[in-house]
Amino acid sequence: MGLRFPKEEKLKSRKLIEQIFAEGESRKKFPVKVVFIPQETLKTHQAAFSVPKRNFKLAVTRNRIKRQMREAYRLQKKEVPQKNGKNLAMVFIYISKEKPQYAQLDSSIKALLKKL
């Protein structure tokens, strides 16, 4: 799998994202929440990242947080287990109202990936 985060691992399917929020399970480790669903059709785990506009009005701030979350995931993705031989589709959501420290995001995402 390596330490890259290529196009095949990015969750972009609108149908799959809607299905994740409708039927998926969630886990929370402040300041990050992950909603996920096992999928048979996926070749690898796929992930998407979200920061609510309600909490951070400036796009610059939202993009920075998403970039930090992607980096933390990229370095820890080897921790993601398969659910009954199926790959996971995941959406990571930043739920705090304060700007994060990278170390805090990294430890939260690491703990979440172990919980899956």
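This briefing covers the salt bridges of a predicted model. A search of the whole structure finds four of them. A salt bridge here is a side-chain nitrogen of Lys or Arg within 4 Å of a carboxyl oxygen of Asp or Glu. Helices (H or I, at least four residues) and strands (E, at least two) are DSSP runs, numbered from the N terminus.

**Lys77 and Glu9**
- The side chains of Lys77 and Glu9 form a salt bridge, at 2.7 Å from N to O.
- Lys77 sits in the loop between helix H2 (59–76) and strand E4 (87–94), and Glu9 in the segment before helix H1 (14–23), so the pair ties together parts 68 residues apart in sequence.
- Both residues, Lys77 and Glu9, are buried. Buried means under 20% relative accessible area, exposed over 50%, and partly exposed in between (1.4 Å probe, protein chains only).

**Glu40 and Lys86**
- Glu40 pairs with Lys86 in a salt bridge, with the closest N and O atoms 3.6 Å apart.
- Glu40 is in the loop between strand E2 (32–39) and strand E3 (46–50), and Lys86 in the loop between H2 and E4, so this pair ties together parts 46 residues apart in sequence.
- Glu40 is exposed, at 65% relative accessibility. Lys86 is partly exposed, at 27%.

**Glu71 and Arg74**
- Glu71 and Arg74 form a salt bridge, their closest N and O atoms being 2.8 Å apart.
- The two residues, Glu71 and Arg74, are three residues apart in helix H2, about one helical turn.
- Glu71 is partly exposed at 30% relative accessibility. Arg74 is partly exposed at 24%.

**Basis**
- Residues are numbered from 1 along each chain as its sequence is written, and side-chain values use heavy atoms, leaving out hydrogens and water.
- Local features need pLDDT of at least 70, side-chain atom pairs count only at pLDDT 80 or more, and totals for chains, interfaces and linings use all residues.
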